Amino acid sequence: MNPIRSALARALLSPKPRPPRARHYATSATGGATQPESVAAEMVRYALGGARPGSSPDEAMRILEQGASNLQGGGEGCGEAVGMLMLAMSTLLYRSGRRQEAMEKLKATNQVAPAAFRVAAWEATMGLCMEAGQVINTSVSPDDLVDLSIKDDNIKWSDQGHLKCRVNTIKGLIALLNGETESAQLFFDGCKDLCAGVGNKQTENAVLSYCEYLHCVGDFPLATQMYERVLEALTMEDMSGNFLAACNMVPEEVSLGATCSYGQLLSHSGKFSEAEDYLTRALKKAEDQFGANHPKVGIVLTCVARMYKLKAKAEGSSSIMVQEGLYRKALEVLRAPAINSEGVSKQMDWRDIISLARGEYAELLLIQSNRKAEGERMKEWAEHAWRNSRLTLAQALEFSGPSKPTVVDTRIGRVM
């Protein structure tokens, strides 16, 4: 049977179709998922379930495009269903390495989908912009597409609050990347109560951003509490039933990010056995989700190597060979340009992480008398490539206490 017809048949003919969780997207006036939403949900599960590393996304994209075309301009629930399908299309494009096309699809979603989906599309767009290393300011939220649409009379007051929380925590994340800690605090302070209710209304992604803010400003006790809450919420999350997120902001990415960031916090707290456990989990998640040679694996490997560095320093031991092996592999899967190339002056994906990994690797070489020259070249390259607004490379390399730790966000591949 044609895959599109098969997906539709499963959704329409099953006597008890699997309903998506109501909290993940808008529902009909009667409180349940409409038929178009149920059909779209089934198509999204089919499409994204087959979009795994090594598989062709073309068939999945055709299914989603056909579904969106058939539902355009329909009746009750069709707007939500189209929004669901378009967010899924952008995720599929992102997973296929087509970031710019994913951003175009998100832009198109803003033009046709209901408010909740517009917020999800904006959130994902900002996530991709941050990942690409673009300079963004905290006034980027397009009021006519996000904030004003949240005031739609069809959205419950409680849902409006959670949608605004998602917008503000992304703005806070942007401020943090820009080194504007006070501005970040204003955005996050307004969301503290809602973040405390993690697990409701698709807030896990917002809470992870809040966790990383707390981590960055050195509030380790509260950061620990919030990381544990979001990780617990994610274990109860039906990730296949989430339709109000896209690209690098989907629950799988949030789960990976929370696991890795919590591992970094444990490392910064001197709890190296627990840190190793969480970072190993993060590495397995990255390999399972993206494949062993994906850049996200390189990001986690960099965090693992940094944990071994802190552990060796705290214990007065040496792990040079282990760290070097991890940095070499990380730089390989991150596809770092050669040191003698001109790539450092051009647009470079994962610039923060590559610069950080090279800087750390250089420090290992500089303490070996027969490799100092190589270390100097690598250090010079890393310093030239570093663009972080919050920390100098020297600050990022030297953890001297909780006041200004370096936090790597795997969702966006950036150093906080």
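## A helical chain and its side-chain pairs

Glu-398 has a relative accessibility of 41% and counts as partly exposed. In this report, buried means under 20% relative accessible area and exposed over 50%, with partly exposed in between (1.4 Å probe, protein chains only). The model is predicted, so please keep in mind that local features need pLDDT of at least 70 and side-chain atom pairs count only at pLDDT 80 or more, while totals for chains, interfaces and linings use all residues. Residues are numbered from 1 along each chain as its sequence is written, and side-chain values use heavy atoms, leaving out hydrogens and water.

### The chain as a whole

The secondary structure comprises 19 helices and 2 strands; these are DSSP runs numbered from the N terminus (helices H or I, at least four residues; strands E, at least two). Of the 416 residues in the chain, 57% are buried. A contact means heavy atoms within 4.5 Å. Taking the contacts between residues at least 6 apart in sequence, 69% join residues at least 24 apart. The accessible surface is about 17,600 Å², with 49% of it belonging to carbon and sulfur atoms; these areas come from the Shrake-Rupley method with a 1.4 Å probe, and for residues only the protein chains shown count as cover.

### Salt bridges

Let us return to Glu-398 and its partner. A salt bridge is a side-chain nitrogen of Lys or Arg within 4 Å of a carboxyl oxygen of Asp or Glu, and by this rule the structure has 18 of them. In one of these, Glu-398 meets Lys-313, with N and O 2.7 Å apart. Glu-398 sits in the loop between α19 (393-397) and β1 (408-409) and Lys-313 in helix α15, so this pair ties together parts that are 85 residues apart in sequence.

Because Arg-306 belongs to α15 (residues 295-315) and Glu-360 to α17 (residues 351-366), the bridge ties together parts that are 54 residues apart in sequence. Both Arg-306 and Glu-360 are buried.

Arg-371 bridges to Glu-324, their closest N and O atoms lying 2.9 Å apart. Here the distant parts are the loop between α17 and α18 (372-385), which holds Arg-371, and helix α16 (residues 320-333), which holds Glu-324; the two are 47 residues apart. Salt bridges with shared partners also join Arg-306, Lys-309, Glu-360 and Glu-363 into one network.

### Helix α16 and its surroundings

With 14 residues, α16 reaches 20 Å from its first C-alpha to its last, close to the 20 Å expected at 1.5 Å a residue; the expected span is 1.5 Å times one less than the number of residues. Glu-324 is one of the buried residues of α16, a group that includes Leu-326, Tyr-327, Ala-330 and Leu-331. Among the elements covering this group are α15 and α17. Just after the helix, Arg-335 takes a positive phi of about 55 degrees.

Ser-317 is found in the loop between α15 and α16. Leaving aside neighbours within four places in sequence, Ser-317 contacts Lys-311 and Ala-312.

### Aromatic rings

Rings of Phe, Tyr and Trp (its six-membered ring) pair if their centres lie within 6.5 Å; planes under 30 degrees apart count as stacked, over 60 as edge-to-face and the rest as tilted. The structure holds 4 such pairs. Tyr-227 and Tyr-262 make a tilted one, at 5.8 Å centre to centre and 40 degrees between the planes. As Tyr-227 lies in α12 (residues 220-235) and Tyr-262 in α13 (residues 251-268), the pair ties together parts that are 35 residues apart in sequence.

Tyr-262 also pairs with Tyr-278: the centres are 4.8 Å apart and the planes at 75 degrees, so this pair is edge-to-face. Tyr-278 lies in α14 (residues 272-290) and Tyr-262 in α13, so parts 16 residues apart in sequence are tied together. Both Tyr-262 and Tyr-278 are buried.

Elsewhere, Phe-188, Tyr-210 and Tyr-213 form one aromatic cluster. A charge sits over a ring if NZ of Lys or CZ of Arg is within 6 Å of the ring centre and within 35 degrees of the ring normal. Arg-281 lies over the face of Tyr-278, 4.3 Å from the ring centre, and Arg-358 lies over that of Trp-381, at 4.5 Å.

### Accessibility of selected residues

| Residue | Relative accessibility | Class |
|---|---|---|
| Tyr-227 | 0% | buried |
| Tyr-262 | 3% | buried |
| Glu-324 | 12% | buried |
| Arg-371 | 18% | buried |
| Ser-317 | 40% | partly exposed |
| Lys-313 | 54% | exposed |
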